[in-house]
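Good morning, and thank you for coming. I would ask you to look at the structure with me while I describe some of its features.

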Amino acid sequence: MKEKIEQYLKEIDELTASTKDELEAFRLKFISRKGVMNDLFNSFKEVPNEQKKEFGAKLNVLKEKAQSKFQELIEVVNTASSKEEAGSIDVTLPSFTNTGSLHPLTKTKNRIIQIFERQGFSVAEGPEIEDDFHNFTALNFPENHPAREMQDTYFITKNPDTLLRTHTSNVQIRLMEHGQPPFRSIMPGRVYRNEAISARAHCFFNQVEGLYVDKEVSFKDLKQTLYHFAKEMFGKDTQVRFRPSFFPFTEPSAEIDISCFICKGDGCKICKHTGWVEIGGSGMVDPNVLEACGIDSKEYSGFAFGMGIERITMLKYQIDDIRLFSENDMRFLSQF
Ligand code: DAH
């Protein structure tokens with residue numbers, strides 16, 4: 001028994017293990033209940049009493065040595081296998097994650113919201129199925145006025161008072177009729193018009209409406225707000241031009257043009273060689289609109305604007321066909 005113990009001590013001293021299998025072999029032989037220690041403790045029972053002290057001490061030394069060697073080997077093997085695993089990762093392999101992306105119109109809408117929120121605007125929404133009052137009458141479109149035809153409305157045949165909204169200006173009315181100024185909101189949403197579908201026009205598209213009503217709001221507030229928007233959206237060198245126009249719900253009214261950021265004003269296909277591109281309409285809210293919503297137009301004034309989200313997106317990403325936005329072609333969508 002003495003020789004056996006000496007032999008095992010020597011064996012443990014000299015042993016090395018670098019794989020998990022070798023570690024397991026060590027465990028089975030020296031640590032597990034069925035290994036050599038068990039045999040030794042069994043033979044210990046037969047050792048004469050006067051020698052028990054000496055053998056007991058030797059057995060304990062062997063047991064402790066086996067334990068500490070085992071701990072040591074665990075460390076060695078773990079470090080070796082983690083190195084091996086790290087070495088087996090090929091970082092040049094393509095990743096398998098395909099996370100998808102936001103629709104370009106959603107991206108533009110989110111950016112527009114961000115820019116206006118930073119100027120104190122909140123976001124409001126209204127119905128796409130609307131009545132004549134909110135889409136036209138309250139917005140100062142006289143009955144049978146040709147301006148109603150300008151908008152190629154889809155009426156709902158069962159109820160001619162109901163229609164698909166032709167613009168997001170209806171949300172201005174929905175907002176103002178139930179409250180008192182100040183109002184400072186933008187209103188993004190989908191609109192519908194009975195237009196022939198082409199690369200430049202669609203029967204549904206998205207607009208973002210803006211409304212700011214308070215005491216002493218003036219045209220210079222409108223200009224400043226849209227200057228800031230244009231520079232944030234299209235770059236700090238962008239210039240803004242207001243062209244006189246007409247809308248029933250604003251007086252005075254102006255079309256908003258920005259300097260063509262593609263050719264920097266030199267003239268190109270996108271700006272039809274004028275150096276300017278139109279992004280929407282705007283103006284001072286007509287007093288009739290305020291009054292239709294129960295707001296005192298002598299005390300309050302406001303500005304409003306409406307811009308096409310497709311138009312802004314097409315300009316920003318140089319997309320030349322509006323139909324691409326609704327065709328769900330992955331080759332197009334995966335570029336955003
Ligand atoms: N509603 C107009 C359109 O669809 C856009 C517009 C113009 C909205 C001027 C406004 C505005 O709020 O002030 O063509």
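Where does Pro182 lie? Pro182 is found in the loop between helix 8 (170-176) and strand 5 (183-192). Please bear in mind that this model is predicted.

Let us stay with Pro182 for a moment. Pro181 and Pro182 are joined by a cis peptide bond, and its omega is about 5 degrees. Pro252 is placed in strand 8, which covers residues 250-259. For those new to backbone angles, most peptide bonds are trans, and most residues other than glycine have a negative phi.

That brings me to Glu216. Glu216 is not a glycine, yet its phi is positive, about 60 degrees. As for its location, Glu216 belongs to the loop between strand 6 (204-214) and helix 9 (219-234).

I now turn to helix packing. Two packed helices are described by the angle between their axes and the distance between the axes. Helix 2 (residues 20-31) packs with helix 4 (residues 49-88) at an angle of about 170 degrees, and their axes are 10 Å apart. Angles over 145 degrees count as roughly antiparallel, and helix 2 and helix 4 are therefore roughly antiparallel to each other. Their crossing is left-handed. Helix 2 contributes Lys20, Leu23, Phe26, Arg27, Phe30 and Ile31 to the contact, while the residues from helix 4 include Phe70, Leu73, Ile74 and Val77. By class, the residues in this contact of helix 2 with helix 4 are 9 nonpolar, 2 polar and 3 charged.

Helix 4 has another partner. The axes of helix 3 (residues 36-44) and helix 4 cross at roughly 170 degrees and come within 11 Å. Helix 3 and helix 4 are therefore roughly antiparallel to each other as well. Here, Met37, Leu40, Phe41 and Phe44 of helix 3 meet residues of helix 4, among them Phe55, Leu59 and Leu62. This contact of helix 3 with helix 4 has 7 nonpolar, 1 polar and 2 charged residues.

Finally, let us consider the ligand. Which residues come nearest to the ligand? Of the 15 residues around the ligand, these are His167, Ser169, Arg193, Gln207 and Glu209. In the side chain of His167, an N or O atom is 3.0 Å from a nitrogen atom of the ligand. Gln207 has a polar side-chain atom 2.9 Å from an oxygen atom of the ligand. With Ala304, a polar backbone atom is 3.2 Å from an oxygen atom of the ligand.

How values were computed. Residues are numbered from 1 along each chain as its sequence is written. This is a predicted model: local features need pLDDT of at least 70, side-chain atom pairs count only at pLDDT 80 or more; totals for chains, interfaces and linings use all residues. Side-chain values use heavy atoms; hydrogens and water are left out. Axes are lines fitted to C-alpha atoms, for helices over the stretch in contact, and angles run from 0 to 180 degrees between N-to-C directions. Helices (H or I, at least four residues) and strands (E, at least two) are DSSP runs, numbered from the N terminus. Angles under 35 degrees count as roughly parallel, over 145 as roughly antiparallel, 65 to 115 as roughly perpendicular and the rest as oblique. A crossing is left-handed if the near helix is turned anticlockwise from the far one by less than a right angle, and right-handed if clockwise. Contact means heavy atoms within 4.5 Å. Ala, Val, Leu, Ile, Met, Phe, Trp, Tyr, Cys and Pro count as nonpolar, Asp, Glu, Lys and Arg as charged, and the others, Gly among them, as polar. A residue is near a molecule or strand if one of its heavy atoms lies within 4 Å of it. A polar contact is a pair of N or O atoms within 3.5 Å; within protein, one must be able to donate a hydrogen and the other to accept it, and residues adjacent in sequence count only if both atoms are side-chain atoms.
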